[in-house]
Amino acid sequence: MPGQGVYRQKSHKDSMKNYIYFNTRDELLRIDTSKIVYFEADGNYTNIFFENKTQTQISLNLSQMQQLLSRYLNERARIFARIGKRHIININYIFHIQVLRQNLTLSNGSTFSYNVSISKEALRQLKDMIKAGTGSFNAISDIKAHSDDMKTQEMKR
């Protein structure tokens with residue numbers, strides 16, 4: 001990642017929270033990962049949406065962001081799931097899945113709500129995983145990978 005240093009720091013002061021730091025030549029951005037609602041691809045950039053209704057843009061594509069989260073958050077990365085080609089969501093904020101409308105609502109139930117447009121297939125897979133109780137995602141799991149496993153199991157029946 002030329003021009004951009006990324007690292008995780010867990011100090012005494014931050015012992016209850018995990019932060020990711022993005023360091024460029026002119027800026028330092030500290031992000032509390034528990035406050036991230038979702039990530040959205042925007043070409044070679046990733047937009048990050050927070051629970052306080054703000055957003056920021058990072059000069060990493062979504063695949064690089066996915067790898068970064070897995071590498072620096074380890075087990076804590078389980079709260080994130082890759083949904084389709086354009087999104088990584090925080091599964092703790094899943095509020096409403098509308099497959100036919102291709103809409104996923106991410107909310108804490110009181111102070112914010114994001115409506116994200118996602119393909120029917122990706123939403124169907126997400127819904128099936130949650131219904132089946134397989135909500136314990138691997139670190140930055142990929143919904144497509146889980147779907148392929150589910151189809152293989154169905155074919156064996």
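**View 1. The whole protein chain is shown as a predicted model.** Here you can pick out three helices and 12 strands; both are DSSP runs numbered from the N terminus, with helices being H or I of at least four residues and strands E of at least two. Buried residues make up 41% of the 157 residues, where buried means under 20% relative accessible area, exposed over 50% and partly exposed in between (1.4 Å probe, protein chains only). The accessible surface comes to about 9200 Å², with 46% of this belonging to carbon and sulfur atoms; such areas come from the Shrake-Rupley method with a 1.4 Å probe, and for residues only the protein chains shown count as cover. Of the contacts (heavy atoms within 4.5 Å) between residues at least 6 apart in sequence, 38% join residues at least 24 apart.

**View 2. Strands β10 and β11 form a hairpin.** Strand β10 covers residues 103-107 and pairs with β11 in the antiparallel sense over five bridges; two strands pair if DSSP finds at least two bridges between them. Five residues lie between the two strands, and G109 in the turn has a positive phi of about 90°. Strand β11 spans residues 113-117, with Y114 and V116 on its covered face. On the uncovered face you will find S113, N115 and S117.

**View 3. S107 sits in strand β10.** Is this residue buried or exposed? S107 is buried, at a relative accessible area of 8%. The S107 side chain reaches the backbone nitrogen of G109 at 2.8 Å. Leaving aside residues up to four places away in sequence, S107 touches Y93, F95, F112 and S113.

**Notes for all views.** Residues are numbered from 1 along each chain as its sequence is written, and side-chain values use heavy atoms, leaving out hydrogens and water. In this predicted model, local features need pLDDT of at least 70 and side-chain atom pairs count only at pLDDT 80 or more, while totals for chains, interfaces and linings use all residues.

How values were computed:
Polar contact = N/O pair within 3.5 Å; in protein donor to acceptor, adjacent residues only side chain to side chain.
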